[in-house]
Structures are given as C-alpha cells and as structure tokens.
Amino acid sequence: MATQVTEKEARQVAEDAREQDWKLPSFGKGLFMGDYRLDLIHPQPKLDAEKVEKGERFLATLRAFLQEKVDPLQIERDARIPDEVLDGLKEMGALGMKVPEEYGGLGLSQVHYNQALMVAGVWHASLSTLLSAHQSIGVAEPLMLFGSEQQKREWLPKVAYDHVSAFLLTEPDVGSDPARMGATATPTEDGKGYTITGQKLWATNGAIADVVVIMAKVPKSERSKGGISAFVLPCDSEGVTVLHRNAFMGLRGIENSVTGLEDVYVPAVNRIGKEGDGLKVALTTLNTGRLALPAICLGVAKWGTKVAREFASERVQWGQPVGRHDAVAQKIAFIAGTAFGLEAMLDVCSRLAEDKKNDFRIEAAIAKLYASELGWQVTDELMQIRGGRGYETAESLKARGEKAVPVEQVMRDMRINRIFEGSTEIMHLLIAREAVDRHLQVAGDILDPDTEIKDKARSAVAAGAFYGKWLPQLAVGKGRDPRSFDEFGDLAKHLRFAERSSRKLARSTFYGMSRWQAALEKRQAWLGRIVDIGAELF
Ligand SMILES: Cc1cc2nc3c(=O)[nH]c(=O)nc-3n(C[C@H](O)[C@H](O)[C@H](O)COP(=O)(O)OP(=O)(O)OC[C@H]3O[C@@H](n4cnc5c(N)ncnc54)[C@H](O)[C@@H]3O)c2cc1C
C-alpha cells in the first residue's frame, strides 16, 4: 500500500536525495548565476584515441548487424524484439557497452555509447529503449557508481554479456513522487538479508529481465533510520512474478512489466549503498543515465533531416518540389537546426561525463528536457512535411509500393520521452532547484517560514555580504564588449548575447526570489520559463 505523505514531506524526500555538494565546477550552475564560464566547456574535453577507434569499430559492427539481421517492421508487427535479435546484441557485447573491460564489458566512452543508442534507436526505438533501460538505469550504472567491489565482480560480467536488467522504481501509486513508495524491504531477524514485498509498475525489460535494481522502503527501527533503499535482485528469486506485460501507444517492442514481489528474500550483500540511500543512488545514476534519451531524440532529428530533405525535393506540388515552398523550407531548416543544436549539446555533455572534471548534473538534465521537447516538435514538423504519407503506417506505404518511412511510428515512439526519466514538469522543478542552490545556501533560512527570527537575522547578515558582492557583478560582463569572443568569428555575437542573457537571467531569478520568497516554489510556470531560457542559452 502507498505511503500517505504531505506535499512538504514529499519535497523533503526529494531534497534528501539530492547531491548536496558541488565538488566540481559547473557550467550550468554558473549560467543561471550570471557567471558565463565558457572555459569549462570550450575547448571540449578530448577523447582518448584508442577509445575512439574501439567505439567506431563497434558502431560499424552494430550498423551491419541492424542492416543485415533486424527488420524494424517485424518488431512493429509482432510487438516484440525477436530472440535472434536479442541474442545477436548479446553476442556483439551491446549489453555491456559501458561496462569497463576489466568487468567483462566493452568499455566504450559515453560518447560512443550514446552514438550506439542513436544508431539503434533510428532502426527501431524499442532497441535503444531496451539497451538504455538495461545499462543507463538498470544494474550496470548504479553498480559502477555505488557498488562494492564484490558486487561489481559478481554482477557486471553477467549484465555485460547475457543477463538483461531493469530498473524498478515506479509503482501504481508512485510516479513522480517516490515518497509515496509502498514496496517494503524488511530486515530478516538474523540481519543477513531483507524480504521485499510490493508491486512495481512499467518496468522496461521487466518482463524478460534476469536481474533488476529495485527500490523498496526499509522500515525505521531502533537500529536504522530506514528509508528507500536500492537492491540488486535476481529475477529467479522465489516470490518474483511478472503479472502483466504492458502495451503502449509506441515502443511496441519493449518488454515492460507489472512485477509482483511477495516475501522475496534478498541478501544484505545485494544492497547498493547504505539503507536510505536508494533515491540518491537513483538520482546520481540518472545524472549520466539521462544522456541516453537525448541521444535517441538526436537520432530522430538527424534521420528526420534526411527524410525531410529527400521527400521535399522529390515531391512536386503547385509546380515545384514542396521544399521550394517557403513554409516547408522553414520546417526543414527547423529540423536541421535542431539536429545540429542537439548534437552539439549531447556531444559536450557526453564529453563532460567522460572527462569527469565537471559537475554536469544541470547540463545533463537540460539535455533531457530540451531534447525530448524539441524531438517531439521535430517529429510533428516531419509529419507535416510528409503530409498524408507522414500519417500513413510504414507497413501500408510498403504494401502499396512506396518507401516504408515510419514517421507515424516515430511519432508514437517519441511521445513518451516527455514523460519518463523525469517528466518535463518535474525536470523544470529539478533544474530550477539546482539553479537556485547558491541562493538557498545563502538565503534559504530567510525564505523558510519555519526558521526562527534570530536565525533569520543571522542569515540576513551573511546574505547581505554575498549579494552586496554578487549583484554588482551582474551589471557588466564580456558580452558588452563588441570585440569579445572574436576568436569565434561569426559566432562571436551569439556568445556575447549568451553572456549578457546569462546575467539578465540571474537578475530575473534574483528578482523572483526576492518578490515571492518561499512562495516561489509554487510559481511553476515562472520557474519553467527561467529553466527554458537557461536551456536555450546552453
Ligand atoms: C513506456 C514506459 C516505460 C517506463 N519505464 C520505467 C522503468 O523502466 N522503470 C521505472 O521505474 N519506471 C518506468 N516508467 C515510469 C515513468 O518513469 C513514469 O511514468 C514517470 O515517472 C511519471 O510518473 P506517472 O506516469 O505516474 O505520472 P504522475 O507522477 O502521476 O504525474 C502525472 C502528471 O502530473 C505531473 N506532475 C506530477 N507531479 C508534479 C509536480 N510536483 N509539479 C508539477 N507537475 C507534476 C507530471 O509531470 C505528469 O504530467 C515507465 C513509464 C512508461 C510509460
């Protein structure tokens, strides 16, 4: 049964799961504070040459496999990925793309992992969803970040080769708000393990998974503060049942489950991190894991550019190719420009992830938000360009002798990106929270209605000192110098604009905080605008 929580308690659970510290510099954080640290992302971190070669080799193998062995229309028709396709992916090591070689994986860079998802996703989105659920949020990533050496030795070689994994957080009553979690992990009397009971919903790969990461609440006790905790759970454990295979508007080939758990024993050595650290494990995993989805959206934008250009130059109406009509040309320009922008965004985020010298949680979250929103707009415009042929299924186009271009299917597949791995509304709140973190550190007590007057007074002194220094810095910057960023040639004026806008954004954010104070968190539309402006600037 779901836990009943107030709005404040729900917010506190999310707050506790945040990474509190900023140990590394962050371009995204600076952007919202008017501190445009271009040096943090330019020049971009270089990739190791050996890794590039290995990555390119793998991409060539993957492309050849897809072209020769995988029929996307069959996946769509049968609403499942054929066993031979899954076996082929296992054989080439696609399940362990990101797992380091020492644990039996391919050890690809984040950049090539994302490119592989893009290639697979363009072939059929169910393939990229299988691969990303398996390794971006499934067992591999949380273990690489938080697992003990023993856990890594035991599980990474398996999930890198043939064990399909999944991530089980969502429940019928737990969507965006994990504080309501109903699944429990009760410590056994001998202290050697836990019994898990509950029901998990919409677990991608859940219907075929060999092993999963599951979130369940450890009850509070004298011994432990308890809380949501993460466990590695083999699916052949007694009491694990796939109750239903879910079917959706799109992603028809995914094996998505309702999974029941009844007194399932899991040994304590399978807990990832400490009791109560489960959401932190999940959120930190998502910092990098979130890059999978923009990669898939980018794939569609690039493919869409090709499809739009081909169609618009061949299809003649009103005396000329439709691409020559301004309205259609504008749409093609939008799709191509979006593909270019998303590629730049993803590339820099992936390199930052690989380089590990920056805190890129804001950039990765922006990439998810922005790519899923723009990916959807691209798909809509692509359908518009192809007119009736955009709306017709690929199977039907093929049956009457036309090219089987699956824009209709892509539209169904793309819609979910704005909902899962953090819905657009939740991403707005999450990014806004990170963007105002510095303000909350210096002025949080003043804004908090529960803080005592004497503490507020003390904070006001510290805040006065901070703002006295910070605010004047927002008045001037490089963007006002017409010769600044000259080394970027034609792009210099855009960088100057971004620098000026970053300071303006910081001033507006400060204005909002001063005006609405603690009530700011209720002004979601305003916060969403602030975040969207930051995303555009990035
Ligand atoms: C195809 C598919 C695959 C999935 N795969 C997985 C998986 O592998 N593992 C897993 O654990 N889960 C998975 N999910 C679950 C997915 O992550 C959730 O759907 C998502 O977290 C949103 O939860 P919800 O659908 O219950 O929406 P709800 O949380 O009920 O939200 C409904 C609406 O309200 C909005 N909303 C909610 N709270 C707020 C707020 N505070 N402020 C503003 N707006 C708000 C939401 O943005 C949304 O628009 C999957 C779902 C689908 C459909």
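Q: Rings of Phe, Tyr and Trp (its six-membered ring) pair if their centres lie within 6.5 Å. By this rule, what does the count of aromatic pairs come to?

A: The count comes to 11 aromatic pairs. Please keep in mind as we go that this is a predicted model.

Q: How is a pair of aromatic rings described?

A: Two things describe a pair of aromatic rings: the distance of the centres and the angle of the planes. Take Tyr-36 and Phe-485, whose centres are 6.3 Å apart with 90° between the planes, an edge-to-face pair. This pair links distant parts of the chain, 449 residues apart. Tyr-36 is in the loop between helix H2 (27-32) and helix H3 (49-69), while Phe-485 is in the loop between helix H19 (453-473) and helix H20 (492-516). Both Tyr-36 and Phe-485 are buried.

Q: Why is the pair of Tyr-467 and Trp-470 edge-to-face?

A: Planes over 60 degrees apart count as edge-to-face. The planes of Tyr-467 and Trp-470 are at 65°, with the ring centres 5.8 Å apart, so this pair is edge-to-face. Tyr-467 and Trp-470 are both buried.

Q: Which residues form one aromatic cluster?

A: Phe-27, Tyr-36, Phe-485, Phe-488 and Phe-538 form one cluster.

Q: Where does the charged end of Arg-361 sit?

A: A ring can also have a charge over it. The charged end of Arg-361 sits over the ring of Trp-22, 3.7 Å from the centre of that ring. Lys-158 lies over the face of Trp-155, at 4.7 Å from the ring centre.

Q: How many residues surround the ligand, and which are the closest?

A: There are 19 residues around the ligand, and the closest are Thr-170, Ser-176, Trp-202, Ser-423 and Glu-425. Sorted by kind, the shell has 10 nonpolar, 7 polar and 2 charged residues.

Q: Which polar atom of Thr-204 lies 2.9 Å from a nitrogen atom of the ligand?

A: For Thr-204, a side-chain atom lies at that distance from a ligand nitrogen. With Trp-202, a polar backbone atom is 2.9 Å from a nitrogen atom of the ligand. A polar backbone atom of Phe-167 is 2.8 Å from a ligand nitrogen. As for cover, the ligand on its own has 980 Å² of accessible area, and the protein covers 68% of it. Strand S3 (193-204) and helix H17 (424-435) are the elements that give two or more residues to the shell.

Q: Does Lys-200 count as buried or exposed?

A: Relative accessibility decides this, and buried means under 20%. Lys-200 is at 0%, so Lys-200 counts as buried. Lys-200 has its place in strand S3. The side chain of Lys-200 makes a polar contact with the side chain of Glu-171 (2.8 Å), and the Lys-200 side chain also reaches the backbone oxygen of Met-215 at 2.8 Å.

Q: Where does Asn-205 lie, and what is its phi?

A: Asn-205 lies in the loop between S3 and strand S4 (211-218). Although Asn-205 is not a glycine, it has a positive phi of about 75°. At 1% relative accessibility, Asn-205 counts as buried. Asp-263, found in strand S7 (residues 256-267), has a positive phi near 45°. Asp-263 is exposed, with a relative accessible area of 56%.

Q: What is the peptide bond from His-42 to Pro-43?

A: That bond is cis, with omega near -5°. Look for Pro-43 in the loop between H2 and H3.

Technical notes:
Residues are numbered from 1 along each chain as its sequence is written. This is a predicted model: local features need pLDDT of at least 70, side-chain atom pairs count only at pLDDT 80 or more; totals for chains, interfaces and linings use all residues. Side-chain values use heavy atoms; hydrogens and water are left out. Rings of Phe, Tyr and Trp (its six-membered ring) pair if their centres lie within 6.5 Å; planes under 30 degrees apart count as stacked, over 60 as edge-to-face and the rest as tilted. Helices (H or I, at least four residues) and strands (E, at least two) are DSSP runs, numbered from the N terminus. Buried means under 20% relative accessible area, exposed over 50%, partly exposed in between (1.4 Å probe, protein chains only). A charge sits over a ring if NZ of Lys or CZ of Arg is within 6 Å of the ring centre and within 35 degrees of the ring normal. A residue is near a molecule or strand if one of its heavy atoms lies within 4 Å of it. A polar contact is a pair of N or O atoms within 3.5 Å; within protein, one must be able to donate a hydrogen and the other to accept it, and residues adjacent in sequence count only if both atoms are side-chain atoms. Accessible areas come from the Shrake-Rupley method with a 1.4 Å probe; for residues, only the protein chains shown count as cover. Ala, Val, Leu, Ile, Met, Phe, Trp, Tyr, Cys and Pro count as nonpolar, Asp, Glu, Lys and Arg as charged, and the others, Gly among them, as polar.
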